[in-house]
Amino acid sequence: METKRNRKAIPAITLAVVLLIFAGWFAMRFSIKSGQSSGEIYLYGEEHSVTAILEKEFELWSSYYQNDGMRDLFVELPYYTAAYMNLWMKSDNDDILHSLYQDWAGTALYSQEVINFYKRIKNECPETVFHGTDVGHQYDTTGERFLEHLASTGQQQSEVYRLSQENIRQGQYYYQHSDSVYRENTMVENFIREFDSLNAAGVMGIYGSAHTNIKAMDYATKSVPCMANQLNEKYGSALHTEDLTPLALHNEAYRTDTIKIGEKAYTALYFGKVDLSAVFPDYQCREFWRLENAYDDFKDYSKTGNLLPYNNYPMEIETGQIFVIDYTKADGSIVREYHRADGNAWQGSLATEEFIVE
């Protein structure tokens, strides 16, 4: 028989259960709000160093950061470069970022717009944590310097040290073998390792558009699925991608021109300029155009032996493309070169080669 005491206990127990349910719901909401349990991946494809795209990427990241509580930003950088940037985020100066900028000289990242983008993240989204998932670019500069930093602080036995060494080996292999398939697969492995370590936190990623198309193959060889394609196989509907490269066409600095060679006029997509003054004092910068549908017209033209690695371009390169490059010298004079992407390698890196226009 139910006693009076038991009847009084029932409402108390019910209230306790309700409070527990509410507390659990609140904790779940807070967890989702803080980006700790959404498990969603938002990848954005870019042309590197385009102002309009960088502005959009900051707008997106700021929204995820402020409204969804995300803190983890995945970038097309080596593991140790991102780790260095995380140290910079906590510092009271920009010395680390400026050192990285010098290491990027001659590459598509060597742009003041890129530096401004990262400084804005530091100022407005200060709890951002960068995750680098690319192979070890700049392994003999940034990579070695980061290992020295870890050794000087007694971290030789740390996981960070081990992963940095592994990332350096990845870069060495990639550049020794010009193996873009290896790079694409390694980027996937590195991404999965970093993402799975976050206990289902939601993340945003910024990569060249060749890596973010779910239906695409590796841009250099077309022989393996690209990074997003492979990630889609593992994470399914949790993966979301968007191509931001059309924004470049709406930026007056990334315009469509017409370049005439011989008697034929070609549509030429302009990809901007890269500062060379820090690397080559005799030069100010170089500017890049890609000629559309021009490869067959120039595929048999004689080459000069003058090579330019793909990573010196401010955009992704595919075999079968033609490029016009203007070098502005320190005295203001301009030297024009014509380059062809035949899929050939130089010193372990895929490179275009200059050809002679008759």
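Trp-61 is in contact (heavy atoms within 4.5 Å) with Met-70, Arg-71, Asp-72, Leu-73, Ile-121, Cys-125, Thr-128 and Met-204, leaving aside its neighbours within four places in sequence. This is a predicted model, in which local features need pLDDT of at least 70, side-chain atom pairs count only at pLDDT 80 or more, and totals for chains, interfaces and linings use all residues. Residues are numbered from 1 along each chain as its sequence is written, and side-chain values use heavy atoms, with hydrogens and water left out.

**Nonpolar cores**
- Trp-61 is also among the residues with the most contacts inside the largest nonpolar core, which has 41 residues.
- Another core, of 18 residues, lies apart from it, with Leu-43, Phe-195, Ala-201 and Val-203 among its members.
- A nonpolar core is a set of buried Ala, Val, Leu, Ile, Met, Phe, Trp, Tyr and Cys residues joined through side-chain atoms within 4.5 Å.
- Buried means under 20% relative accessible area, with a 1.4 Å probe and protein chains only.

**Overall build**
- The protein has 11 helices and 13 strands. These are DSSP runs numbered from the N terminus: helices are H or I with at least four residues, strands E with at least two.
- Of its 358 residues, 49% count as buried.
- Among contacts with a separation of 6 or more, 69% come from residues 24 or more positions apart.
- Accessible surface comes to about 17500 Å² (Shrake-Rupley method, 1.4 Å probe), and carbon and sulfur atoms hold 51% of it.

**Strand β10 and its partners**
- Strand β10 (residues 321-329) is largely enclosed by the rest of the structure, because 8 of its 9 residues are buried.
- β10 pairs with strand β8 (residues 283-291) in the antiparallel sense over 8 bridges. Pairing requires at least two DSSP bridges between the strands.
- Tyr-283 stands opposite Lys-329 in β10.
- β10 also runs antiparallel to strand β11 (residues 334-341), joined by 8 bridges. Phe-323 has His-339 in β11 as its bridge partner.
- The hairpin of β10 and β11 has 4 residues between the strands, and Gly-332 there takes a positive phi near 95°.

- Glu-47 sits in the loop between β1 (41-46) and α2.
- Not counting residues up to four places away in sequence, Glu-47 touches Ile-53, Thr-245, Phe-271, Pro-314, Met-315 and Glu-316.

Conventions:
Buried < 20%, exposed > 50% of the residue type's maximum accessible area, 1.4 Å probe, protein only.
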